[in-house]
Structure formats: structure tokens, C-alpha cells
Amino acid sequence: PQKPFQTKLVLLGEAAVGKSSVVLRFVQNDFQENKEPTIGAAFLTQKCRLEDRLIKFEIWDTAGQERFHSLAPMYYRNAQASAVIYDVTKASSFEKAKSWVKELQRQANPNIVIALVGNKIDLLNETTAEAGEEEEDETATANESTPSGDSARAVPKDEAEAYAKEGGLLFFETSAKTGEGVVEVFTEIAKKIPID
Ligand code: GTP
Ligand code: MG
């Protein structure tokens with residue numbers, strides 16, 4: 001059996017974007033509808049098996065509330081990886097994510113692997129229709145029959161993806177609630193971690 005390769009990963013992002021929920025999904029395959037805000041930071045570990053190696057993530061799940069911002073450098077200082085999370089239904093959270101990316105690029109380990117993650121895609125009132133089949137039907141977009149709980153997308157996927165590409169970041173959209181995309185975030189990060 002291989003010896004796991006330990007990787008310190010820090011989660012950053014505005015309050016309530018779902019950092020703790022994404023980790024809970026990854027580590028315990030669970031979701032809590034009313035998760036309490038993180039105070040300070042939480043520490044969790046989870047192994048991730050790749051074809052050629054075993055990675056043990058040591059995850060620092062930081063608190064997004066502004067009063068905890070000054071603690072963040074303690075957690076990202078020696079991190080090999082970071083997932084910067086925003087909420088696809090909240091534009092301000094994308095701006096905050098970009099400011100975290102800038103801070104990491106200036107202050108963290110220069111080789112840090114950064115993933116930009118748009119969470120809560122389950123809230124979107126979007127169909128995953130085949131590309132190229134844009135509907136321009138006005139009556140179809142009148143919101144009369146929209147079930148409550150559906151939200152409009154506030155951060156266009158192509159805009160976030162272009163930003164990520166420009167900065168050399170991995171990019172994902174996820175739902176901690178349904179689990180969509182969550183494992184991929186950690187697996188793709190793991191693949192990018194240099195072995196020695
Ligand atoms: P802080 O610890 O304060 O920084 O917040 P956080 O980023 O850790 O957010 P948290 O995981 O606590 O989630 C905030 C709220 O959003 C909770 O009520 C979660 O249930 C909810 N939530 C998280 N992820 C999702 C998601 O993918 N979809 C939906 N619908 N709700 C989510
Ligand atoms: Mg939290």
C-alpha cells in the first residue's frame with residue numbers, strides 16, 4: 001500500500017457561499033440545510049486516490065465572516081492548494097472570490113494550486129439543454145410558473161471561466177446540496193499537486 005502524500009488545502013470565500021458544505025459533502029457525503037457559520041476555522045482530512053498515488057488532504061475550512069479575514073494568512077501561508085468558493089446566485093461573492101485569488105497570488109506559496117468554484121448551482125432555474133439551443137421565446141421566460149426557491153444566475157459561467165483561465169486557475173461549478181461536481185474539485189486539484 002502506498003504512503004499517502006499529504007497536501008494542505010485551504011478553503012476561502014465570502015460568508016455563506018457553502019465552503020463548509022462543500023467539505024462536508026466531500027468528507028462525509030452529507031449536506032445540512034441550515035449549516036451554522038464557521039467560527040475561526042475548521043480542520044478536516046480526507047484521502048483521495050488517483051491512478052498513481054494516494055493524496056491525503058489536510059483541509060482548513062476558514063470562516064468567511066469579515067471579522068475573521070485577518071486569520072486567513074495563517075491558513076494559506078503553507079498551503080499547496082486552495083479552493084476559492086463563490087455563490088453563483090450572488091455577484092458580490094464572485095467579487096470577493098477574485099479578491100481572495102489576488103491575495104493568494106501575492107502572498108501565498110507561488111506554486112499554490114488554486115481552484116475557483118461556483119457553488120449552489122442547484123438553485124438555478126436553468127435547464128441543461130444542449131449547447132446551441134438558445135430559446136428566445138418571451139412567453140417561456142415569463143416567471144409565472146417558476147417554483148419558489150429558484151434563483152437567477154448572478155455570475156455567468158463563461159465570465160468566471162474566462163477569469164479562471166486568464167489567471168491559470170482550475171474552474172468548477174458545484175452543488176454541495178446535490179453533490180454535483182464536488183469530488184471533481186478535489187480530484188483535479190490532487191492531479192495538479194507536484195509529487196516532490
Ligand atoms: P461561513 O462558514 O460563514 O464562511 O459560511 P460557509 O461558506 O461555510 O457556508 P455554509 O457551508 O455554512 O453554507 C451556508 C448556507 O448555504 C447553509 O444554509 C447551507 O445549507 C447552504 N448551502 C451550502 N451549499 C449549498 C448548495 O450547494 N446549494 C444550496 N441550495 N444551499 C447550499
Ligand atoms: Mg463555514
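**Sheet and helices**

Mentor: Helix H6 (residues 182-192) lies across S1, S2, S3, S4, S5 and S6 and runs at about 170 degrees to S6. Contact here means heavy atoms within 4.5 Å; axes are lines fitted to C-alpha atoms, for helices over the stretch in contact, with angles from 0 to 180 degrees between N-to-C directions. Helices (H or I, at least four residues) and strands (E, at least two) are DSSP runs numbered from the N terminus.

Trainee: What should I know about the source?
Mentor: This is a predicted model, in which local features need pLDDT of at least 70 and side-chain atom pairs count only at pLDDT 80 or more, while totals for chains, interfaces and linings use all residues. Residues are numbered from 1 along each chain as written, chains are lettered from A and ligands numbered from 1 in written order, and side-chain values use heavy atoms, without hydrogens and water.

Trainee: In which order do the strands form the sheet?
Mentor: The six strands form an open sheet ordered S2-S3-S1-S4-S5-S6, with mixed pairing; two strands pair if DSSP finds at least two bridges between them. S2 and S6 (170-173) stand at the edges with a single partner strand each, so one side of each has no neighbour in the sheet.

Trainee: How many bridges join S2 to S3?
Mentor: Nine, and the two strands run antiparallel. A hairpin of four residues joins S2 to S3. Thr-45 stands opposite Glu-58 in S3, and Cys-48 stands opposite Ile-55 in S3.

Trainee: And in which sense do S1 and S3 pair?
Mentor: Parallel, over seven bridges.
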